[in-house]
There are 2 protein chains.
Amino acid sequence: MDPLTALAEPRRREILHLVWSRERTAGDIARRLPVTFGAVSQHLRVLREAGLVDVRRGGRQRIYRARKESMGPLREYLEQLWTGRLVILKRLAEAEQSANV
Amino acid sequence: MDPLTALAEPRRREILHLVWSRERTAGDIARRLPVTFGAVSQHLRVLREAGLVDVRRGGRQRIYRARKESMGPLREYLEQLWTGRLVILKRLAEAEQSANV
DNA sequence: TTGATATTTTAGTGTGTACTATAATGACAT
DNA sequence: ATGTCATTATAGTACACACTAAAATATCAA
């Protein structure tokens, strides 16, 4: 799955955000979300296959972290998204639309 | 719909690409795609509501163009995607995965 | 007005996918 | 080995949404 499609799912953005500035085990991630462990594991698989996260083993745990380095402009986009510094494109568009068209 | 979700759909990326460096009428766009006019119109609506395209009227036609200016880092991402200068994150991830884990 | 053209909107259908529950795998301890 | 813990994989279900076909809206011309 390409990165853009992977990131379309809000839950996956949430997961990526959780492993953005620190690494976390799958269990740690799952415990913080209102869905089953299985669902989280499936999302982690998609994120991994899209090249958005890295995994390593640590005993019986799998430890995930965002692969920020190889993310290109997508990295800036997400950082702006999470720090609230993102221009709200939608609102802009709606404002202009009600103004003219 | 947020921009990331809007861009998850390949057809919408295709449409955005069509109006990236020149403006086009809805009909012109639809004629270049293997789906009905109605389907294209629906996609254009989503792109517009996500703030990714602008529209103006020109007689009985609606003329669309990409709203590149207010797209932030997403703009660079898409430009790299279309010029083929994008690092293939997925391949990278798979290569490393078969190497260790 | 009527008619033709350009586009949007609506209703209905089929497919993709996020989710749950459960089974299977893997790692460590005893 | 057996048992427990941590995680992934699989089967089934429900809902979101891309699509088609058809109706509605808008603009221009005669």
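Begin by selecting helix α4(A), which provides the largest share of the surface near DNA strand D, namely six residues. Here a residue is near a strand if its C-beta atom, placed from the backbone, lies within 6 Å of it. Helices (H or I, at least four residues) and strands (E, at least two) are DSSP runs, numbered from the N terminus.

The model is predicted: local features need pLDDT of at least 70, side-chain atom pairs count only at pLDDT 80 or more, and totals for chains, interfaces and linings use all residues. Residues are numbered from 1 along each chain as its sequence is written, while chains are lettered from A and ligands numbered from 1 in the order in which they are written.

**First stop: the DNA strands**

Keep DNA strand D in view and select the residues around it. Of these 23 residues, T25(A), G27(A), G38(A), Q61(A) and G38(B) come nearest. At least two residues of this surface are supplied by each of α3 (26–31), α4 and β3 (61–66) of chain A, and by α4 of chain B. Sorted by class, the surface near DNA strand D holds six nonpolar, 11 polar and six charged residues. In this scheme Ala, Val, Leu, Ile, Met, Phe, Trp, Tyr, Cys and Pro count as nonpolar, Asp, Glu, Lys and Arg as charged, and the others, Gly among them, as polar.

Turn next to DNA strand C. Which of the 23 residues around DNA strand C come nearest? They are G38(A), T25(B), G27(B), G38(B) and Q61(B). The elements giving two or more residues to this surface are α4 (37–49) of chain A, together with α3 (26–31), α4 (37–49) and β3 (61–66) of chain B. Helix α4(B) gives the most to the surface near DNA strand C, with six residues.

**Second stop: the fold of chain A**

Chain A has six helices and three strands, and along the sequence its pattern reads α-α-β-α-α-β-β-α-α.

Select the strands of chain A. They form an open sheet in the order β1-β3-β2, with antiparallel pairing; two strands pair if DSSP finds at least two bridges between them. The edge strands are β1 (24–25) and β2 (53–58) of chain A, each of which pairs on one side only.

Now zoom in on β2(A) and β3(A), which run antiparallel and are joined by six bridges. D54(A) stands opposite R65(A) in β3(A), and V55(A) has Y64(A) as its bridge partner in that strand. The two strands form a hairpin with two residues between them, and G59(A) in the turn has a positive phi of about 65°.

Select L47(A), L52(A), V53(A), L47(B), L52(B) and V53(B). Of the 40 residues in the largest nonpolar core, these touch the most other members. A nonpolar core is a set of buried Ala, Val, Leu, Ile, Met, Phe, Trp, Tyr and Cys residues joined through C-beta atoms within 7 Å. A residue is buried if 20 or more other C-beta atoms lie within 10 Å of its own, exposed if 12 or fewer, and partly exposed in between, with C-beta atoms placed from the backbone. In soluble globular proteins, nonpolar side chains tend to be buried together.

Centre the view on V53(A). Not counting residues up to four places away in sequence, V53(A) touches L16(A), V19(A), L44(A), L47(A), R48(A), Y64(A), R65(A), A66(A) and R67(A). Two residues are in contact if their C-beta atoms, placed from the backbone, lie within 7 Å.

Select α5 (residues 73–83) of chain A, where L74(A), Y77(A) and L78(A) are buried. Seen down the axis of α5(A), these buried residues fall within an arc of 95°, so they line one face of the helix. The arc is that of the directions from the helix axis to the C-beta atoms. What covers them includes α1 (3–6) of chain A together with α5 (73–83) of chain B. Just after α5(A), G84(A) takes a positive phi of about 75°.

Finally, move to chain B and select α2 (residues 10–18). R12(B), R13(B), I15(B) and L16(B) are buried in this helix. Viewed down the axis of α2(B), its buried residues fall within an arc of 160°, so they line one face of the helix. Their cover includes α1 (3–6), α3, α4, β2 and β3 of chain B.
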